[in-house]
Amino acid sequence: MNHREKRVAIVGGGITGLSAAFYLKKEAEQRGWNLSLTLIESQNRLGGKIATEQTDGFVMEKGPDSFLERKPSAKQLVTDLGLEDQLVRNQTGQAYILHHSQLIPIPEGAVMGVPTRLAPFAFTPLFSPAGKIRAAGDLVLPRSRSEEDVSVGSFFRRRLGDEVVDKLIEPLLSGIYAGNIDRLSLMATFPQYVRMEKNHRSLILGTKKTRSSSATGNRSRPKGQFLTLKRGLSHIVDALEEYLSSSSLLKGTALQHMEPLREGYRLQLDSGEEITADAVVMAVPHSVVSKALPAFDFLQRKEPLPFTSVATVIMGYDESSVFLDREGTGFVVPREEETTITACTWTHKKWPHTTPSGKVMLRCYVGRFGDEGIVDEPDDTIVNHVQKDLKKILNIQSPPEWTRVTRWRRAMPQYTVGHANWVQRLKEQTRHRLPGLFLTGASYSGVGIPDCIDQGKEAAREVLELLGKA
């Protein structure tokens, strides 16, 4: 084997870049390679959107609060870091939809808004009789013969009708991307529904069959599907940073320009430093990639990848000030409701370990595609809007004991129709014209923590394959 030093630069210290660095270093050590690894992050901390604060016994997640267990890569990373004993599962409970300023239970058996049980759907006040009959049309409608990508909204509207989409599916699905589902690409966000229609024709029958096959037959309360860590998701970031501490971690340093060399790349940093690498992993927004390599036309989009800005508002109360007259874990808000908040999690119920005894912690979300102005308002203005909503919806009269407002500007990429095809073409051209450069992260193939970890692992695999041939 060639024992020459193998140099890799990873640009971006969010969970995608950190995962790529972790698995790259881990495998290189197992192979006995002499690997020089440099990770470049423009912020003064690692972790990207993962940001946990611990104060006075509260564990506050300012970004994502958990990850789906059924997507195994995040749990596997936790295990690989030796943190499996720190995992905590969410408490389950009724989730609600805001409907005419009232909290209505999401019909039992609804999976991502698709009904699988007749009675709860038939008797819910969420939909009119005509809306319910239209949704039942999914049972007889033919499958689509088109292979073209469509928007999430148009797909579900064709199958289930406007009422079910606007009042149930839209608030549930748009919460993931903070986007407009009538613009979001189905193939890039929920391709499983394309397969479901092909295989089962009816979404209701397909979802019911899929749900039945995964059921254990246990009629007891279902276990939660989400996991986090006792000390918060930043515990994962801290463990990754510790593992990578022997590598070069350049925090507070941004990539300005990059140029391909005869072999490898030269990276110009805003600190004035230059580094060279045999392979470069770009785990940053696509705009950073195109700016760093302006001479390559295929990297330049005709229209910039759209992003949405959002903010989280976390509020702490004494439990004597908040009376939640129903069991549950929170609610989501359709666009048609006249509120600022788009969703609210009753964190102390969903994640009891995060909140001291005798206290209540609520986490609200504001901002969505086309309605982002609130994110730029001062903290007090945002909190006042949120308090006004909670007073009307939950009858919370007392002000919170403390608040935390966190803005995530241009943080949520919007995968518009045709996105998956763009990513495929982009990566094919990159392999051909810029070998040794690997594009990965939320701009391309998924925004959730497991999706980003999957992308980081795949980038590490591709780097190892390239370096193994050197």
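Student: What does Arg201 count as at 21% relative accessibility, buried, partly exposed or exposed?
Tutor: Start with the cut-offs: buried means under 20% relative accessible area, exposed means over 50%, and partly exposed lies in between (1.4 Å probe, protein chains only). Arg201 has 21% relative accessibility, so it counts as partly exposed.

Student: Which kind of model gives these values?
Tutor: Residues are numbered from 1 along each chain as its sequence is written, and side-chain values use heavy atoms, with hydrogens and water left out. Local features need pLDDT of at least 70, side-chain atom pairs count only at pLDDT 80 or more, and totals for chains, interfaces and linings use all residues, because this is a predicted model.

Student: Where does Arg201 lie, and what is its phi?
Tutor: Helices (H or I, at least four residues) and strands (E, at least two) are DSSP runs, numbered from the N terminus. Arg201 lies in the loop between α8 (191–200) and α9 (203–214). Most residues other than glycine have a negative phi. Arg201 is not glycine, yet its phi is positive, near 70 degrees.

Student: What does Asp56 count as, buried or exposed?
Tutor: Asp56 sits in the loop between β3 (52–55) and β4 (58–61). Its phi is also positive, near 50 degrees, in a residue other than glycine. Asp56 has 71% relative accessibility, so it counts as exposed.

Student: What does Gly206 count as, buried or exposed?
Tutor: Gly206 is placed in helix α9. Its relative accessibility is 0%, so Gly206 counts as buried.

Student: How far apart in space are Gly206 and Ala95?
Tutor: In sequence, 111 residues separate Gly206 and Ala95. In space, C-alpha to C-alpha, the distance is 23 Å.

Student: Which domains does the assignment give, and what separates the centres of domain 1 and domain 3?
Tutor: Domain bounds come from an automatic or database domain assignment. Domain 1 is 6–48 + 235–302 + 416–469, domain 2 is 107–214, and domain 3 is 307–413. Taken over C-alpha atoms, the centres of domain 1 and domain 3 are separated by 34 Å.

Student: Which strands are the edges of the five-stranded open sheet?
Tutor: Two strands pair if DSSP finds at least two bridges between them. This sheet has the order β10-β2-β1-β14-β20, with parallel pairing. Each edge strand pairs on one side only, and these are β10 (248–251) and β20 (437–439).

Student: What is the bridge partner of Ala9 in β2?
Tutor: Strand β1 (residues 6–11) runs parallel to strand β2 (residues 35–41), and six bridges join them. Within β2, Ala9 has as its bridge partner Thr38.

Student: Which residue in the turn between β11 and β12 has a positive phi?
Tutor: Strand β11 (residues 255–260) pairs with β12 in the antiparallel sense, over five bridges. In one of these bridges, Leu255 has Leu269 as its partner. The two strands form a hairpin with four residues between them, and the positive phi, about 90 degrees, belongs to Gly264.

Student: What is the bridge partner of Leu267 in β13?
Tutor: Strand β13 (residues 274–277) runs antiparallel to β12, with four bridges. In their hairpin, Gly272 takes a positive phi near 95 degrees. Across from Leu267, the bridge partner is Ile275.

Student: How many of the eight residues of β18 are buried?
Tutor: Strand β15 (residues 307–318) joins β18 by eight antiparallel bridges. Strand β17 (residues 341–346) joins β18 by five bridges, also antiparallel. Strand β18 (residues 359–366) is mostly covered, and its count of buried residues is six.
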